[in-house]
Amino acid sequence: MDERKIKTVADISALLAGTDQADLKLQGSKDDIYAWVERTLNRLRYGRLSKKEKGQVLRYLIQLSGYSRQQITRLITRHRETGHIHRRQRTTNGFKPKFTREDIILLAEVDQLVDSASGTTIKVYCQRAYELFGDQRFARLANISVSHLYNLRANNIYRRCRRVYTKTNPVQVPIGERRKPRPDGQPGYLRIDSVHQGDMDKKKGVYHINAVDEVTQWEVVVTVQRIQEEFTIPALKSLLKQIPFEVKGFHSDNGSEYINRYVAELLNKQMIRMTKSRSRHCNDNALAESKNGAVVRKAFGRVHIPQLHAELIDSFNRKHLNPCLNYHRPCHFPSIETDAKGKQKKRYRVEDMMTPYEKLKSLKNAEQYLKPNLSFQWLDTIAKRYSDLDAWRQLRNARRILFKTIFGQNNEAA
C-alpha cells in the first residue's frame, strides 16, 4: 500500500472499506510515524473537513499508526495549535543511588561472616568497622538505616552474592499418637469431631462436639459457644459422663481444639489414650464425619444459630437427642464375610441392625465394660421408658419449641 496515493477523504473511505484491517499498518520508528501523521493532516487539510470526514481521517490515522484514539487526538490538537508535530522524548534521570554495588557486596560479606544477624546488629558492625577500626569501605554503610539495610538485602546484586537455602521443618506436636485406633471389639474408643453451625454478619454460630464409639456407635452430642478451652473442657467432661461404659481411647483429627495441653491433661487424669489422624489417611475419622451429616445436620440443619443459645441447645441434647440416638435409633453394623481367596468384605444386612444400647448388651461379658455405678437393669429402665416412635415424637416436639425460642417462629431443620 502506498499511502502517498491517499489524497482525499473518499480515498480513505475506499481504502478502509476494501482492505483487510490487519494489513493496514505502517512500519517505522516513532519519529517516522509522527512525521507521517503531520504530512497526512497537511495533505488532507484536516482543519477544513466536516465532522464526518474528520471521523474518517481519525479512523485512518489510528489504523495505520497503531496508536490509541487518545494519542492521535493529542497529536491532532498539537498540530492545530502549532502547525507541527514533533516528538518530544522526556527521559528523566532517576535518583542517584547512595549505596553502590561495592556497598551491597560488602553487606553480603558481613552477613556471611556473622550468619545473617538482625538488621540492628549488622548496622552496629558497620559503625564499629568504620569508627573504631578505620575501615573506609564502611563509610556509607556506617550511616545506613535499619529499614534500608533490609532493602539492600532484597537487591538482586545481594542475592547473586549470597543465597541461603533452608529445608522446611515439619511441625512436631508431641500431643497424641498419630495412628488409627484398634478397639479389637471392645467399646470405649471414641471418634470425635466438631460441627460449626454457620456464620452470619461475621458472627460465629454455636459448635457441636460429636463423639461416637467405634464398636457400639454410642453417640453423644454436646453444644458449646466456642471451641476454646474454657468451653471445650467442661463440655468434654459432660460428654464423658454421658457414656455408660469406660472410655479407653480418644481419637480426633489434628485440629487445635483437641490437640492441646488442656485436653491432654483431662484425658491423662482419666487414663484415656489420645490418638490423632495420620497424614494422607482421610478416612481415619470417617465414622465421626459420617455421623456429622447423618445425625447433627439432620437434627439442626445448616442455618446460623447464635452462640448465646448454646446452653439451651445442650440441654435439648442431654434430655432428648442423645437418648434417642442411643436407645431408639437402629444403626447398621457390618458382618465380615471371607471368600475362598481370603478376601474380606463387609455386608450390611437388615437383620444385623440394632440400637447402640442393644449392641452394647450383645457384646461378650458386656457388664465388664460398664462404669462401676451403672448396671444394665437401670439402663433398661431408660431404654423401655418410651417406645421408639414415642421418643422421636417427643424429640420433634421439643425441637419445635427450641427453634421457636431461637428463631421466633415455628420452624424445623431441614
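A pocket here is an open set of grid points with protein on both sides within 12 Å along at least five of seven lines, and its lining residues have an atom within 4 Å of a point. The model is predicted. The largest pocket has a volume of about 710 Å³. Helix H11, residues 286-300, gives the largest share of its lining, with five residues. A search of the whole structure also finds 16 salt bridges.

**The largest pocket**

- The lining of the largest pocket counts 25 residues.
- Closest to the centre of this pocket are Glu 214, Gln 217, Pro 334, Lys 346 and Tyr 348.
- By class, the lining holds twelve nonpolar, five polar and eight charged residues.

**The second largest pocket**

- The second largest pocket has a volume of about 380 Å³.
- Its lining is made of 17 residues.
- Lys 241, Gln 242, Tyr 327, Trp 378 and Ile 382 lie nearest its centre.
- Two helices each give two or more residues to this lining: H12 (310-327) and H14 (376-383).
- H12 gives the most, with five residues.
- The lining divides into ten nonpolar, four polar and three charged residues.

**Salt bridge: Asp 31 and Arg 87**

- Asp 31 forms a salt bridge with Arg 87, and their closest N and O atoms are 3.6 Å apart.
- This pair links distant parts of the chain, 56 residues apart.
- Asp 31 sits in helix H2 (residues 30-44), while Arg 87 sits in the loop between helix H4 (69-82) and helix H5 (101-113).
- Asp 31 has a relative accessible area of 44%, so it counts as partly exposed.
- Arg 87 is also partly exposed, at 31% relative accessibility.

- Glu 214, one of the residues closest to the centre of the largest pocket, forms a salt bridge with Arg 191.
- The closest N and O atoms of this pair are 3.2 Å apart.
- Here too the pair links distant parts of the chain, 23 residues apart.
- Glu 214 is in the loop between strand E5 (207-213) and strand E6 (219-224), and Arg 191 is in strand E2 (residues 189-196).
- Is Arg 191 buried or exposed? Arg 191 is buried, because its relative accessible area is 3% and buried means under 20%.
- Glu 214 has 25% relative accessibility and counts as partly exposed.

- The side chains of Arg 318 and Asp 314 meet in a salt bridge, at 2.6 Å from N to O.
- Both residues lie in helix H12, the helix that gives the most to the lining of the second largest pocket.
- Arg 318 and Asp 314 are four residues apart, about one turn of the helix.
- Arg 318 is partly exposed, with a relative accessible area of 40%.
- Asp 314 has 11% relative accessibility, so it counts as buried.
- Elsewhere, salt bridges that share partners join Glu 177, Arg 179 and Arg 273 into one network.

- How do strand E9 and strand E10 run? They run antiparallel.
- Four bridges join E9 (residues 335-338) to E10 (residues 344-347).
- Glu 337 stands opposite Lys 345 in E10.
- The two strands form a hairpin with five residues between them.
- In the turn, Gly 342 has a positive phi of about 85°.

**Ser 65**

- Ser 65 lies in helix H3 (residues 51-65).
- Its relative accessible area is 6%, so Ser 65 is buried.
- Which backbone atoms does the side chain of Ser 65 meet? Its side chain reaches the backbone oxygen of Leu 61 at 2.6 Å. A polar atom of the Ser 65 side chain also lies 3.2 Å from the backbone nitrogen of Tyr 67.

**Pro 356**

- Pro 356 has its place in helix H13 (residues 356-362).
- At 0% relative accessibility, Pro 356 counts as buried.
- The C-alpha atoms of Pro 356 and Pro 330 are separated by 7.2 Å, while the two residues are 26 apart along the chain.

Key
Residues are numbered from 1 along each chain as its sequence is written. This is a predicted model: local features need pLDDT of at least 70, side-chain atom pairs count only at pLDDT 80 or more; totals for chains, interfaces and linings use all residues. Side-chain values use heavy atoms; hydrogens and water are left out. On a 1 Å grid over the protein atoms alone, a cavity is a set of points where a 1.4 Å probe fits but cannot get out, and a pocket is an open set with protein on both sides within 12 Å along at least five of seven lines; lining residues have an atom within 4 Å of a point. Grid points are joined across faces, edges and corners, and a volume is the space filled by probe spheres set on the points. Ala, Val, Leu, Ile, Met, Phe, Trp, Tyr, Cys and Pro count as nonpolar, Asp, Glu, Lys and Arg as charged, and the others, Gly among them, as polar. A salt bridge is a side-chain nitrogen of Lys or Arg within 4 Å of a carboxyl oxygen of Asp or Glu. Buried means under 20% relative accessible area, exposed over 50%, partly exposed in between (1.4 Å probe, protein chains only). Two strands pair if DSSP finds at least two bridges between them. A polar contact is a pair of N or O atoms within 3.5 Å; within protein, one must be able to donate a hydrogen and the other to accept it, and residues adjacent in sequence count only if both atoms are side-chain atoms.
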